[in-house]
Amino acid sequence: MNAQSVTVLVGSIVEDDAVLGVEELCQLCAVERCFILELMEEGAIEGRPVDAPRFEGASLRRARVAARLRRDLGINAAGSALVLELLERLAEMEGRLKG
């Protein structure tokens, strides 16, 4: 008899209008607080207000991409901000070509 391995993935759905705190964003992206603050300083994500930032769904998506860039490619917060900007421009251009 073969032993089978079962992988269970657990996740949560975060809507675009959801508002997250710094700690929640850190947990969802599996990064340290300092990385999130660096992304804010570089303009890669926006948090309001600055003293106790709250983030919307778009910032979560951007922070997750930045976390993957850091983890997989060793790209820092400044490099991630640049890559995110270029990815958005590329998506916008592709949208224009399709539309």
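Q: How much space lies in the largest pocket?
A: About 180 Å³. Keep in mind that this is a predicted model.

Q: Which residues are the closest to its centre?
A: Glu 46, Arg 48, Glu 56, Ala 58 and Ser 59. They belong to a lining of 13 residues.

Q: Which elements give two or more residues to that lining?
A: Strand S2, residues 54-55, and helix H3.

Q: And which gives the most?
A: H3 does, with three residues.

Q: How does the pocket lining divide into nonpolar, polar and charged?
A: Five residues are nonpolar, three are polar and five are charged.

Q: Switching to helix packing. At what angle do H3 and H4 cross?
A: Roughly 120 degrees. H3 covers residues 57-73 and H4 covers 77-98. Their axes come within 10 Å.

Q: Why call them oblique?
A: Angles of 65 to 115 degrees count as roughly perpendicular, and those over 145 as roughly antiparallel. The crossing is at roughly 120 degrees, so H3 and H4 are oblique to each other.

Q: Left-handed or right-handed crossing?
A: The crossing of H3 and H4 is right-handed.

Q: Which residues meet there?
A: From H3, Arg 62, Val 65, Ala 66 and Leu 69. On the H4 side they meet Ser 80, Val 83, Leu 84, Leu 87 and Glu 88.

Q: How many of those contact residues are nonpolar, polar and charged?
A: The contact of H3 with H4 has six nonpolar residues, one polar and two charged.

Methods. Residues numbered from 1 in each chain as written. Predicted model: local features only at pLDDT ≥ 70, side-chain atom pairs only at ≥ 80, totals over all residues. Heavy atoms only, no water. Axes fitted to C-alpha atoms, helices over the stretch in contact; angles between N-to-C directions. Helix = DSSP H or I, 4+ residues; strand = E, 2+ residues; numbered from the N terminus. Parallel < 35°, antiparallel > 145°, perpendicular 65-115°, else oblique. Left-handed = near helix turned anticlockwise from the far one by under 90°. Contact = heavy atoms within 4.5 Å. Nonpolar A, V, L, I, M, F, W, Y, C, P; charged D, E, K, R; others polar. 1 Å grid on protein atoms, 1.4 Å probe; cavity = no way out; pocket = protein on both sides within 12 Å on 5 of 7 lines; lining within 4 Å. Points joined across faces, edges and corners; volume = space filled by probe spheres on them.
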